[in-house]
Amino acid sequence: MKQLRIAILLTTLLTATSAVAQDKTKRFDLAVTAGVPGLGIDMGWQATDWMRLRAGFAWMPHWTHDMNFSLQVGDAVERTKWQMADAGDPLWMYKKTLQRTDHFGRMAGYMYDITGIDVDNTVLMHGQPTYWNVKLLADIYPLRNKHWRLTCGLFIGNNKIARAFNATEEMPALMAVDIYNRMYDKAVAGLPIVTVGQTSVYSSELSNMLKSYGRMGIHVGNYTHDIYDEQGTLLHSQGDPYMMVPDQNSMAKANVLVNSVKPYIGLGYDGSLTKDGRWTIGIDAGIMLWGGTPKIQTHDGTDLATDVEDIGGKVEDYVKLIKGFKVLPSVELRLSRKIF
C-alpha cells in the first residue's frame with residue numbers, strides 16, 4: 001500500500017536522525033492521531049526547548065453516504081426566464097415559465113421491450129471521502145509552561161478528497177441509457193437505428209420520435225452560463241438542463257478536487273497523562289488551506305461548483321456545503337509516548 005510505505009519511510013528517517021543527536025534534551029516521541037485529517041501516526045523531535053518538528057501520515061477511512069439523482073429524457077424540466085416585454089422600456093420585464101413534457105415513462109417502456117432492462121427514474125450514487133496526507137509540521141512553544149503551541153506546516157497528499165459513483169445495481173439501467181443514446185445519435189445523424197452485418201433497420205417514425213424526445217441522462221441541474229466546444233460552437237445555453245450521461249463503461253462519477261499541497265496553521269495544547277511525562281495527549285485546532293473553492297468535477301469535465309445551478313434536493317445541500325469550504329477547519333487529537 002503506497003500510503004503505508006510513505007509512513008514507514010518517514011518514521012525510519014526520523015528514527016535515523018536520533019543517531020546523530022548529541023543533546024540529551026532533544027527527545028523523540030511516537031504518536032497516533034485521529035480527527036478531521038483522518039487516522040494516522042506521526043513522530044516528533046524536540047529540536048529545542050521551544051520547537052518540535054513532526055512528520056507523519058493520516059488517512060481518512062472510506063465510509064459511504066448514499067444519494068439519489070433523477071433520470072429523464074430531454075430537457076423535461078420547468079425553467080424560468082426573464083425576457084424584455086418592450087425593447088423601448090428596459091425597466092419593464094416579465095417572467096416567462098417554460099413547461100416541458102417528461103417522456104421518461106414512455107421511453108422506459110420502449111427500453112424494456114428492446115433490452116429487457118427495467119430503467120428506474122432514479123440513480124443511486126455512493127459518496128466517499130478519499131483523502132490522505134503526509135504531514136510536515138513545526139510546533140512553536142512561546143510560553144514557559146511548554147503546553148500551548150503554535151503549529152504550522154504542510155499537508156501533502158492526493159488532490160481527490162472525495163468521490164461519488166453509481167451503485168453496482170444501477171449499472172444495467174445506465175447501460176440501457178447508453179443504448180438509448182446510441183440510438184438517438186444515429187437518429188440525429190440519419191443512420192439506421194440498428195445495423196447487424198449487412199442488415200440495417202431504419203424507421204423514420206422511430207427516428208423522428210427519438211429526435212423529438214432528446215437524449216436520456218441524469219438530470220443534475222441547469223447550466224449557469226453558455227457552454228461552447230473547442231471550435232466555439234454553442235453546445236448549451238444558460239438555463240438549459242445539464243444532463244449527465246454515463247461514460248464508456250456505463251458509469252456515472254464525480255470527484256471533489258483540491259490542491260495536493262495544503263498549508264496548515266493552528267493552535268495546540270499538550271498535557272501529560274503520567275507523572276514521568278512519558279505519555280502525553282494533545283489537541284490541534286486550525287485550518288488547512290485548500291487553494292480556493294474545491295472543484296466538483298464529473299466524468300465529462302463539468303464542474304458542479306461553477307457550471308451548474310438549481311441542483312435541488314440533498315445533492316444541492318452537499319454541493320453548497322463543499323463550495324462553502326474555501327479552507328478546511330481541522331481538529332485532531334494526538335496521543336504520544338516519548339521513546340528516547
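Author: Buried means under 20% relative accessible area, exposed means over 50%, and partly exposed lies in between (1.4 Å probe, protein chains only). V32, with a relative accessible area of 45%, is therefore partly exposed. V32 lies in strand β1, residues 28–35, where a strand is a DSSP run of E with at least two residues and a helix is a run of H or I with at least four, numbered from the N terminus. This is a predicted model, in which local features need pLDDT of at least 70 and side-chain atom pairs count only at pLDDT 80 or more, while totals for chains, interfaces and linings use all residues. Residues are numbered from 1 along each chain as its sequence is written, and side-chain values use heavy atoms, with hydrogens and water left out.

Reader: What is the volume of the largest pocket?

Author: On a 1 Å grid over the protein atoms alone, a pocket is an open set of points with protein on both sides within 12 Å along at least five of seven lines, and lining residues have an atom within 4 Å of a point. Here the largest pocket has a volume of about 770 Å³, a volume being the space filled by probe spheres set on the points, which are joined across faces, edges and corners. Of its 31 lining residues, Q128, A162, V256, Y318 and I322 are the closest to the centre.

Reader: Which element gives the most to the lining of the largest pocket?

Author: That element is α5, with 5 residues.

Conventions. 1 Å grid on protein atoms, 1.4 Å probe; cavity = no way out; pocket = protein on both sides within 12 Å on 5 of 7 lines; lining within 4 Å.
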